[in-house]
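Welcome, and please open the structure in your viewer.

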Amino acid sequence: SIERGYFTPRARVILAAIGGVTCLLASFPLRSRGYEIVANSVSGAGAVILFASAWAAHVLYGMIGFELAFGAMVATTATCMFLAHRHASLVIAVLGLVGGFATPVVLASGNDQPIPLFGYVLLLDLGFLFVARRRRWPSIGVIALCGTFVLQGLWILRRMSSESLVVGLVVLAVFALVFATFVARLPSEDRRRWAASQVGALVLPFVFALYFS
């Protein structure tokens with residue numbers, strides 16, 4: 001049907017977006033009937049479809065601008081954050097976090113804007129760290145730290161110049177402080193489970209120190 005032109009790119013994107021929203025809404029009655037695993041799977045599928053439809057609308061077909069595509073993917077990430085916290089679903093949290101970190105990569109505009117980029121990453125980390133603390137999910141902290149490290153590495157290796165070296169150093173210091181402080185403020189009975197995030201936050205910046213030197 002696509003090859004024959006029955007479904008245009010616009011129709012495909014719209015139907016995908018409707019399908020993604022439908023999956024998220026359909027998970028509520030499933031969960032109320034006790035089908036937790038099925039509900040989480042349907043919610044995760046809906047999130048993936050929404051991420052893909054926003055990406056396709058901007059990158060693949062050029063139907064919408066960067067701002068709208070970015071807003072749609074951020075809204076999907078925020079929805080995953082809310083659903084993960086409300087329904088205690090680690091699967092939804094992981095998908096939302098991965099999608100949140102993938103957003104600036106798949107929608108890269110080619111402009112060097114480190115402050116908006118890492119401001120967004122900081123909000124993303126803080127939001128999911130809050131959920132991880134409430135639900136006692138140390139694995140989310142590790143994923144958030146790894147995602148932050150990857151985005152830092154991509155910017156430092158591809159975008160950072162000698163003029164923006166100070167910005168890079170400040171970014172590394174701020175995120176190391178955020179993760180280390182977050183773990184330090186946890187209850188003592190939970191702190192040991194979060195040790196990997198705290199150690200990683202303090203050690204990973206030294207990888208970039210070697211590159212700077």
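Cysteine 80 is in no disulfide, and a search of the whole structure finds zero disulfides (a disulfide is a pair of cysteine sulfur atoms within 2.5 Å). Is cysteine 80 buried or exposed? Cysteine 80 is buried, with a relative accessible area of 2% (buried means under 20% relative accessible area, exposed over 50%, and partly exposed in between, with a 1.4 Å probe and protein chains only).

Before moving on, note that this is a predicted model, in which local features need pLDDT of at least 70 and side-chain atom pairs count only at pLDDT 80 or more, while totals for chains, interfaces and linings use all residues. Residues are numbered from 1 along each chain as its sequence is written, and side-chain values use heavy atoms, with hydrogens and water left out.

**Stop two: the cores**

Now select Leu97, Trp137, Ile140, Phe179 and Trp194, the residues with the most contacts inside the largest nonpolar core, which has 36 residues. A nonpolar core is a set of buried Ala, Val, Leu, Ile, Met, Phe, Trp, Tyr and Cys residues joined through side-chain atoms within 4.5 Å. Two or more residues of this core come from each of helix 2 (36-60), helix 3 (66-87), helix 4 (90-106), helix 5 (114-135), helix 6 (138-158) and helix 7 (165-184). Helices (H or I, at least four residues) are DSSP runs, numbered from the N terminus. Helix 5 gives the largest share of this core, eight residues.

Zoom in on leucine 97. Leaving aside neighbours within four places in sequence, leucine 97 is in contact with Leu124, Phe128, Ile140, Ile143 and Ala144 (contact means heavy atoms within 4.5 Å). Then look for a second, separate core of five residues, including Phe51, Ala69, Met73 and Leu107.

Select valine 121 in helix 5. At 0% relative accessibility, valine 121 counts as buried. Which residues does valine 121 contact, leaving aside neighbours within four places in sequence? They are Phe101, Thr148, Leu151 and Phe175.

Next comes glutamine 152 in helix 6. Glutamine 152 is buried as well, with a relative accessible area of 6%. With neighbours within four places in sequence left aside, glutamine 152 is in contact with Phe118, Val171, Leu172, Phe175 and Phe208.

**Stop four: the pockets**

Select Pro104, Ala108, Ser109, Asn111 and Leu117, which lie nearest the centre of the largest pocket among its 20 lining residues. On a 1 Å grid over the protein atoms alone, a pocket is an open set of points where a 1.4 Å probe fits, with protein on both sides within 12 Å along at least five of seven lines; lining residues have an atom within 4 Å of a point. The volume of the largest pocket is about 550 Å³. Helix 6 gives the most to its lining, with four residues.

Finish at the second largest pocket, with about 160 Å³ of space. Its lining includes Val48, Trp55, Leu95 and Thr103. Helix 4 supplies the largest share of that lining, six residues.

Terms used: Points joined across faces, edges and corners; volume = space filled by probe spheres on them.
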